[in-house]
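Hi everyone, thanks for coming. Let me put the sequence and the structure on the screen, and then we can walk through them together.

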Amino acid sequence: MYQLIVLFFEIATFRKGPQDVPASPWLLRLVLPVYVAVNVLILLLNGYWSTALLQITVDFLLVAGFSWPLLYFAGKPARFRQTLCALIGTDTVISFFAIPAVASLNSQATDLAFFAMLALMIWHWLVSGHIFRHALDKPLFFGLGLALLYILLSSQVMALLFPVVSTQS
């Protein structure tokens, strides 16, 4: 497990790519529980405990549903498992680093916590673009454009399915 954490951290720091992820069918089953655990923790910090697992399921389906057609129409469907594992694994790493910033934003919204979250969001976008670039054998700007498209689409879907309802008066 330690080697996987190092691998996903190296992808998140642009030293490796999705092609370095083993194409094992068991890898996703190993990474998925950690992905769920980290994201449940973040959603619990935000107060979304009632829909946490549903939100994580939708998020996972959005990642898979966005990646599969891209790879299929690019003629590289064999890279799907590696790409999905790289996206999920690096998301887990970045989300783990986001836990203190999320907790800080929920307790007292400081400028430092806000800028930390902004930096983490930009990092996530860059890493996703890096992964799409390598998975599709395209230039970095193409990958970054796809990553931005994914972020915009997924945020719209999540906002539509899980609107924030304020219970404070």
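Let's start with α6, where the buried residues are Gly143, Leu144, Leu146, Ala147, Tyr150, Ser154 and Met158. By buried I mean under 20% relative accessible area, with exposed being over 50% and partly exposed in between, using a 1.4 Å probe and protein chains only. Before going on, a word on the source: this is a predicted model, so local features need pLDDT of at least 70 and side-chain atom pairs count only at pLDDT 80 or more, while totals for chains, interfaces and linings use all residues. Residues are numbered from 1 along each chain as its sequence is written, and side-chain values use heavy atoms, with hydrogens and water left out.

Looking down the axis of α6, the buried residues fall within an arc of 160°, so they line one face of the helix; the arc is taken from the directions that run from the helix axis to the C-beta atoms. What does this buried side pack against? The buried residues of α6 pack against α3 and α5. On the face turned away from the buried side, α6 carries the exposed residues Phe141, Gln156 and Leu160.

As for its dimensions, α6 covers residues 140-161, which is 22 residues, and spans 31 Å from first C-alpha to last, close to the 32 Å expected at 1.5 Å a residue. That expected span is 1.5 Å times one less than the number of residues. Helices here are DSSP runs of H or I with at least four residues, strands are runs of E with at least two, and both are numbered from the N terminus.

Glutamine 156 has 56% relative accessibility and so counts as exposed. From glutamine 156 to glutamine 19 there are 137 residues in sequence and 30 Å in space, C-alpha to C-alpha.

**The core**

Contact means heavy atoms within 4.5 Å. Threonine 90, in helix α4, is buried at 3% relative accessibility. Not counting residues up to four places away in sequence, threonine 90 touches Phe8, Ile11, Ala12, Val127 and Ile131.

**Aromatic rings**

The last topic is rings. There are 9 aromatic pairs in the structure. One of them joins tryptophan 68 and tyrosine 72: the ring centres are 5.8 Å apart and the planes are at 35°, so the pair is tilted. Rings of Phe, Tyr and Trp (its six-membered ring) pair if their centres lie within 6.5 Å; planes under 30 degrees apart count as stacked, over 60 as edge-to-face and the rest as tilted. Both residues sit in helix α3 (residues 52-73), 4 residues apart, about one turn of the helix. Tryptophan 68 is partly exposed at 38%, and tyrosine 72 is partly exposed at 47%.

Phenylalanine 97 and tryptophan 123 also form a tilted pair, 6.0 Å centre to centre with 40° between the planes. Phenylalanine 97 lies in α4 (residues 80-107) and tryptophan 123 in α5 (residues 111-136), so the pair ties together parts that are 26 residues apart in sequence. Are these two residues buried or partly exposed? Phenylalanine 97 is partly exposed at 41% relative accessibility, whereas tryptophan 123 is buried at 19%. Together with Phe9 and Phe96, Phe97 and Trp123 form one aromatic cluster.

Finally, charges over rings. The charged end of arginine 29 sits over the ring of tryptophan 26, 4.6 Å from its centre, and that of lysine 138 sits over the ring of phenylalanine 142, 5.7 Å from its centre. The criterion is NZ of Lys or CZ of Arg within 6 Å of the ring centre and within 35 degrees of the ring normal.
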